[in-house]
Amino acid sequence: MLSPADHDLLLELLRIPTVNPLEGAGEDSDLPAAQRVFAAAAAAAGLTAVHHTAPDPAVLDRDDVPLTVRERAGDARFLAAQPSLVLRRGPAGAPAVMFNVHLDTVAGIEPAGFDGVRFTGRGAIDAKGPAVAMLAGVRAALPVLGDRVAVLVQAVAGEEGGAMGVYGTRPLVEAGHVGRLNVFCEPTGLRYLTRSTAAMTACVTVDGTGSIDDEPGAGHNATVLLGFLAQHFATALDGAEPGGRVCVAGLHTGTAHNRVYGTGRLLLNLSYPTAAAGRRLEERVARALRSGLTQFRYRFHATRELRRTAEDAAKIVSLRWHKRGLPALDCRDRWATGLLDAAGVAAWPPAEPGFTCDAIWMHDVPGTATVVLGPGELAGNNAHATGEFAELAQLDAFAATVTRVLTEFAARHEEDHVPDPA
């Protein structure tokens with residue numbers, strides 16, 4: 001269970017704004033301060049910092065880095081303000097359990113508070129609350145860990161804002177800060193999830209000519225064109241890849257009522273369970289765009305106000321990928337699932353879709369098994385939304401789960417090292 005000191009720690013972390021700069025331009029944020037507070041508290045669990053620095057700018061010079069991140073590569077302050085922290089307990093080379101938590105948040109500061117039952121504030125469930133509960137669970141497991149088992153903690157930047165862990169988790173994984181078992185602390189309702197979808201973002205852009213409201217037919221109406229395509233994508237891509245989701249969002253042309261906007265854009269965010277599914281989904285989006293433009297031309301070519309837009313639609317519309325080519329996690333390690341089953345952790349239902357998180361960077365890392373596991377639920381606890389909260393009972397239950405997992409891991413390791421009888 002979380003102690004009063006843990007309650008105070010979580011409240012302190014909730015009061016430190018750590019908005020990812022890709023999320024909240026101009027919002028106060030001090031991620032390094034939150035990480036320092038977290039590291040100081042981790043000392044009570046025997047964890048010491050072995051890494052706390054910003055990544056090399058070269059991590060952004062890769063084809064699969066999302067466009068929104070690459071566009072910030074020239075700003076030295078961007079990465080400098082977003083270090084990642086690695087904590088360790090136990091000898092180098094010992095079998096380890098790694099816990100990944102992120103202390104950055106989405107935009108929209110929420111008042112931090114605790115009424116004895118419920119913590120509120122941005123990050124309460126995603127993922128400052130789980131981070132504090134994880135530390136409590138590690139601390140409770142110390143008597144059984146001994147010297148043969150190590151614990152690693154990654155407290156990363158760059159999980160939110162669509163950064164996809166490219167400058168937080170990925171560099172740490174590539175530097176070898178991983179364990180035999182790796183637990184990514186995200187809200188799963190205390191069920192272990194062995195899958196993590198990846199996501200890609202498509203941008204459909206209209207680059208036409210606008211006009212005034214007195215002559216709406218003289219220009220290209222990006223509002224009607226993109227609105228039509230949005231509906232078309234919503235149906236044409238619905239259920240396109242089992243295990244993935246399609247989010248039609250970010251439609252923008254303008255704000256005035258008395259002009260025709262000739263330019264605009266529409267964003268699609270698409271998750272997928274495997275790299276092959278991602279490639280198929282790319283092709284489906286391109287086909288859906290072509291068929292949508294064909295249908296738009298048929299639907300509006302005979303109208304007075306939209307004839308020009310219909311005739312020129314294929315010329316003024318383009319598709320650009322802001323994010324694609326990321327891996328997806330599908331861990332099928334029976335040793336790990338057996339350990340978690342023995343520790344009394346329920347499995348995520350096979351038919352229930354997974355979600356996207358930094359666990360994707362553990363895809364195909366040799367000698368490792370990876371799961372996503374944490375308290376609460378993304379929707380049920382208002383993660384990324386107004387009124388984000390975490391129940392104390394949820395955090396206590398996760399702390400107990402962490403202790404059981406570590407206890408089972410240590411016991412199995414000790415069994416592996418029982419001396420052969422003489």
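## An exposed proline and the basis of the model

Pro-366 is exposed, with a relative accessible area of 71%, where buried means under 20% relative accessible area, exposed over 50% and partly exposed in between, for a 1.4 Å probe and protein chains only. Pro-366 sits in the loop that runs between β17 (346–347) and β18 (369–372); helices (H or I, at least four residues) and strands (E, at least two) are DSSP runs, numbered from the N terminus. Although Pro-366 and Arg-180 are 186 residues apart along the chain, their C-alpha atoms are separated by 9.3 Å.

The model is a predicted one, in which local features need pLDDT of at least 70 and side-chain atom pairs count only at pLDDT 80 or more, while totals for chains, interfaces and linings use all residues. Residues are numbered from 1 along each chain as its sequence is written, and side-chain values use heavy atoms, with hydrogens and water left out.

## Overall dimensions

The chain holds 11 helices and 19 strands. With 422 residues, a compact globule would have a radius of gyration near 22 Å, and the 24 Å of the chain agrees with that; the radius is taken over C-alpha atoms, and the globule rule is 2.2 Å times the number of residues to the power 0.38. Taken along the principal axes, the box filled by the C-alpha atoms is roughly 90 × 45 × 40 Å.

Of the 422 residues, 53% count as buried. Among contacts between residues at least 6 apart in sequence, 84% join residues at least 24 apart, contact meaning heavy atoms within 4.5 Å.

## Helices α1 and α5

Two packed helices are described by the angle between their axes and the distance between the axes. Helix α1 (residues 4–15) packs with helix α5 (residues 128–145) at an angle of about 150°, and their axes are 9 Å apart; the axes are lines fitted to C-alpha atoms, for helices over the stretch in contact, and angles run from 0 to 180 degrees between N-to-C directions. The two helices are therefore roughly antiparallel to each other, given that angles under 35 degrees count as roughly parallel, over 145 as roughly antiparallel, 65 to 115 as roughly perpendicular and the rest as oblique. The crossing of α1 past α5 is right-handed, a crossing being left-handed if the near helix is turned anticlockwise from the far one by less than a right angle, and right-handed if clockwise.

From α1 the contact draws on Asp-6, Leu-9, Leu-10, Leu-13 and Leu-14, and from α5 on Lys-128, Gly-129, Val-132, Leu-135, Ala-136 and Arg-139. By class these residues divide into seven nonpolar, one polar and three charged, where Ala, Val, Leu, Ile, Met, Phe, Trp, Tyr, Cys and Pro count as nonpolar, Asp, Glu, Lys and Arg as charged, and the others, Gly among them, as polar.

Lys-128, which belongs to helix α5, counts as buried at 2% relative accessibility. Leaving aside neighbours within four places in sequence, the residues in contact with Lys-128 include Leu-10, Leu-13 and Leu-14, together with Ile-16, Thr-18, His-102 and Arg-122. The C-alpha atom of Lys-128 is separated by 10.0 Å from that of Glu-186, 58 residues apart along the chain.

The peptide bond from Asp-126 to Ala-127 is cis, with omega near 0°, and Ala-127 lies in the loop between β5 (118–120) and α5.

Helix α7 (residues 222–236) and helix α8 (residues 275–300) pack with their axes 9 Å apart and at an angle of about 130°, which makes α7 oblique to α8. This crossing of α7 past α8 is right-handed. On the α7 side the contact includes Phe-228, His-232 and Phe-233, and on the α8 side Arg-284, Gly-292 and Phe-296 are among the residues involved; by class, the contact has 12 nonpolar, four polar and two charged residues.

In helix α9 (residues 307–316) the buried residues are Thr-309, Ala-310, Asp-312, Ala-313 and Ile-316, and what covers them includes β10 (198–207), α7, α8 and β15 (317–323).

## Positive phi in loops

Met-164, a residue other than glycine, has a positive phi near 60°. Met-164 lies in the loop between β6 (150–156) and α6 (169–174) and counts as buried, at 8% relative accessibility.

Asn-382, likewise not a glycine, has a positive phi of about 60°. Its loop runs between β18 and β19 (389–391), and Asn-382 is partly exposed, with a relative accessible area of 27%.
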